Amino acid sequence: MNSILTLYDRGVALASSRVVEGFALFLLRLALAGVFWRSGQTKVVEGSFFEINPITYDIFENEFSGLPLDPAIAVPLTTFAEHFFPILLLFGFATRISAGALLVMTLVIQIFVFPDAWWPVHSLWAAMAAILIVRGGGLFSLDTLGARLRAK
C-alpha cells in the first residue's frame with residue numbers, strides 16, 4: 001500500500017510542477033483564444049486583414065437584438081475584442097486582463113444573446129477564463145518573462 005501512495009505522491013508532484021502547470025495553462029490559453037478567434041473570423045470578410053463583413057451588422061441587428069448596444073458600436077467592438085484578446089492570450093501577455101475581457105464577453109453573450117447556452121457552452125468558457133484570471137499565463141508566457149525581467 002505504501003508503494004502505491006508513494007507512486008501517487010510522485011505523480012501529484014510531477015503534475016503540479018511549474019513546467020507541467022505551465023504547459024497546461026498554455027493549452028488552456030490556446031483553447032480559450034481559439035474559441036473567440038474563430039468567432040471573430042466569422043465577422044470579417046474572408047481574405048481581408050480586418051474588413052468587417054456587412055452581413056455582421058444585419059446579424060447583430062436581427063438575431064442579436066437583445067444586446068444593449070447599437071450594432072454600429074457593438075460590431076466593431078466585438079470584432080476587435082475577438083481578435084485582440086485571443087492574440088494576447090496566445091502569447092500570455094496581459095493574460096489576466098485578456099481572460100477577464102473574454103469572461104465579460106461570455107457573460108454578455110449569455111445574458112443578452114444566447115441565454116440557454118450556459119451549461120453546454122458558456123460555463124466552460126467562464127471556467128477557462130476564471131482559471132486564467134486566478135493562475136495567470138503560467139511559465140510559458142510573456143507575463144512570466146516580464147516578471148522575471150522586472151525582478152532583475
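The protein chain of this predicted model contains 7 helices and 0 strands, where helices (H or I, at least four residues) and strands (E, at least two) are DSSP runs numbered from the N terminus. Read along the sequence, the elements follow the pattern α-α-α-α-α-α-α. The radius of gyration, taken over C-alpha atoms, is 19 Å, well over the 15 Å that the globule rule (2.2 Å times the number of residues to the power 0.38) gives for 152 residues, so the chain is more spread out than a compact globule. Along the principal axes, the C-alpha atoms fill a box of roughly 65 × 40 × 25 Å. Of the 152 residues, 36% count as buried, with buried meaning under 20% relative accessible area, exposed over 50%, and partly exposed in between (1.4 Å probe, protein chains only). Among contacts (heavy atoms within 4.5 Å) between residues at least 6 apart in sequence, 64% join residues at least 24 apart.

Residues are numbered from 1 along each chain as its sequence is written. Local features need pLDDT of at least 70 and side-chain atom pairs count only at pLDDT 80 or more, whereas totals for chains, interfaces and linings use all residues, and side-chain values use heavy atoms, with hydrogens and water left out.

A search of the whole structure finds 5 aromatic pairs, a pair being counted if the ring centres of Phe, Tyr or Trp (its six-membered ring) lie within 6.5 Å, with planes under 30 degrees apart termed stacked, over 60 edge-to-face and the rest tilted. One of these is formed by Phe-64 and Phe-114, which are edge-to-face at 5.7 Å centre to centre, with 80° between the planes. Phe-64 lies in the loop between helix 3 (54-62) and helix 4 (71-91), and Phe-114 in the loop between helix 5 (95-113) and helix 6 (118-135), so the pair ties together parts that are 50 residues apart in sequence. Phe-64 counts as buried at 17% relative accessibility, whereas Phe-114 is partly exposed, with a relative accessible area of 41%. Together with Phe-60, these two residues form one aromatic cluster.

Phe-114 is also among the residues touched by His-122, together with Thr-106, Ile-109, Gln-110 and Ala-117, when residues up to four places away in sequence are not counted. His-122 is found in helix 6 and counts as buried at 2% relative accessibility. Ala-126 is likewise found in helix 6 and is buried at 10% relative accessibility; with residues up to four places away in sequence again left out, Ala-126 touches Leu-103, Thr-106 and Trp-118. The C-alpha atoms of Ala-126 and Glu-61, 65 residues apart along the chain, are separated by 25 Å.

In helix 3, where Tyr-57 has its place, this residue counts as partly exposed at 30% relative accessibility. Leaving aside neighbours within four places in sequence, Tyr-57 is in contact with Ile-52, Pro-71, Ala-72, Val-75 and Pro-76. The C-alpha atoms of Tyr-57 and Pro-76, which are 19 residues apart along the chain, are separated by 9.3 Å. In the loop between helix 4 and helix 5, Ala-94 has a phi near 55°, a positive value in a residue other than glycine. Most residues other than glycine have a negative phi. Ala-94 counts as partly exposed at 23% relative accessibility.

Pockets were located on a 1 Å grid over the protein atoms alone, a pocket being an open set of points, where a 1.4 Å probe fits, with protein on both sides within 12 Å along at least five of seven lines, and lining residues having an atom within 4 Å of a point. Grid points are joined across faces, edges and corners, and a volume is the space filled by probe spheres set on the points. The largest pocket has a volume of about 640 Å³ and is lined by 27 residues, of which Phe-60, Thr-78, Glu-82, Met-105 and Ile-109 lie nearest its centre. Helix 2 (18-41), helix 3, helix 4, helix 5 and helix 6 each give two or more residues to this lining, which divides into 20 nonpolar, 5 polar and 2 charged residues, with Ala, Val, Leu, Ile, Met, Phe, Trp, Tyr, Cys and Pro counted as nonpolar, Asp, Glu, Lys and Arg as charged, and the others, Gly among them, as polar.

The second largest pocket has a volume of about 190 Å³. Its lining comprises 14 residues, of which Arg-135, Gly-136, Gly-137, Gly-138 and Thr-144 lie nearest the centre, and it divides into 4 nonpolar, 5 polar and 5 charged residues. Helix 2, helix 5 and helix 7 (142-151) each supply at least two residues of the lining of the second largest pocket.
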